[in-house]
Amino acid sequence: MKQAIYNIGVENTMRIIGGKWKPIILCHLKHGKMRTGQLRRAIPNITQKMLTQQLRELEDDGIVARKVYNQIPPKVEYSLTDYGHSLNKILEELCVWGEEDIERRKENGENIILLNKEDVSNDALPYAD
C-alpha cells in the first residue's frame, strides 16, 4: 500500500472533498438520495463526465453510496453513507459562510443572485433521468 504523508489534517480532508464540484454534490446529497439526472439539474454547469468522475471518487473514499436497481431502463441512486453524513456539520458551515459572504458582498454593491433553496431542492426536481 502506498504511503501518504500530510503536513496538516486538512490536506487529507481536501483530498477527499476538495475541488469545485465535490462539496456541491455533497451538499445536495445531504438532503437525501438523488439520481444522476437530478444532480445534473441541481448542478447545471457540471458536465456528465465530471459528475460521474466526482461521484466515483466519492464512492471510492466511502463518502457516497451508489445503488443500482436491476431494471430497464437502468436506475441508479446516490446517497451519503453513514461516514459521508459525518461531513454534514462541515458542509452546513460552508453553506452558511457562503450565504453570509453573499449578503456582505451584496451590501457592498455586487450584483449576486442566490437561488432559493427551494429552487434546487430534491422536491423541486423531477425524479427521472
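This is a predicted model: local features need pLDDT of at least 70, side-chain atom pairs count only at pLDDT 80 or more; totals for chains, interfaces and linings use all residues.
**Entry 1: salt bridges**

I began with the charged side chains, and the structure holds 7 salt bridges.

My pick to start with was Asp-61 with Arg-15, whose side chains meet at 3.5 Å, N to O. This pair links distant parts of the chain, 46 residues apart: Asp-61 sits in the loop between α4 (48–60) and β2, and Arg-15 in helix α1 (residues 9–17).

Next I turned to Glu-92 and Lys-30, which form a salt bridge at 2.5 Å, N to O. Glu-92 belongs to helix α6 (residues 88–107) and Lys-30 to the loop between α2 (22–29) and β1 (34–35), so this bridge ties together parts that are 62 residues apart in sequence. Is Lys-30 buried or exposed? I found Lys-30 buried, at 17% relative accessibility, whereas Glu-92 is partly exposed at 34%.

Then came Glu-110 and Arg-105, with a salt bridge of 3.0 Å, N to O. Shared partners join Asp-101, Arg-104, Arg-105 and Glu-110 into one network of salt bridges. Glu-110 is partly exposed, with a relative accessible area of 39%, and Arg-105 is partly exposed at 28%.

**Entry 2: cysteines**

How many disulfides does the model have? I counted 0 disulfides. Cys-27 is in none, and its nearest cysteine sulfur, that of Cys-95, is 3.4 Å away.

**Entry 3: aromatic rings**

I looked for aromatic pairs and the count came to 0. I did find a charge over a ring, though: Lys-75 lies over the face of Tyr-69, at 4.5 Å from the ring centre.

**Entry 4: a cis peptide bond**

Going along the backbone, I stopped at Ile-72 and Pro-73. The peptide bond from Ile-72 to Pro-73 is cis, with omega near -5 degrees. I jotted down for context that most peptide bonds are trans. Where is Pro-73 found? I placed Pro-73 in the loop between β2 (64–69) and β3 (75–80).

Note on methods. Residues are numbered from 1 along each chain as its sequence is written. Side-chain values use heavy atoms; hydrogens and water are left out. Rings of Phe, Tyr and Trp (its six-membered ring) pair if their centres lie within 6.5 Å; planes under 30 degrees apart count as stacked, over 60 as edge-to-face and the rest as tilted. A charge sits over a ring if NZ of Lys or CZ of Arg is within 6 Å of the ring centre and within 35 degrees of the ring normal. Helices (H or I, at least four residues) and strands (E, at least two) are DSSP runs, numbered from the N terminus. A disulfide is a pair of cysteine sulfur atoms within 2.5 Å. A salt bridge is a side-chain nitrogen of Lys or Arg within 4 Å of a carboxyl oxygen of Asp or Glu. Buried means under 20% relative accessible area, exposed over 50%, partly exposed in between (1.4 Å probe, protein chains only).
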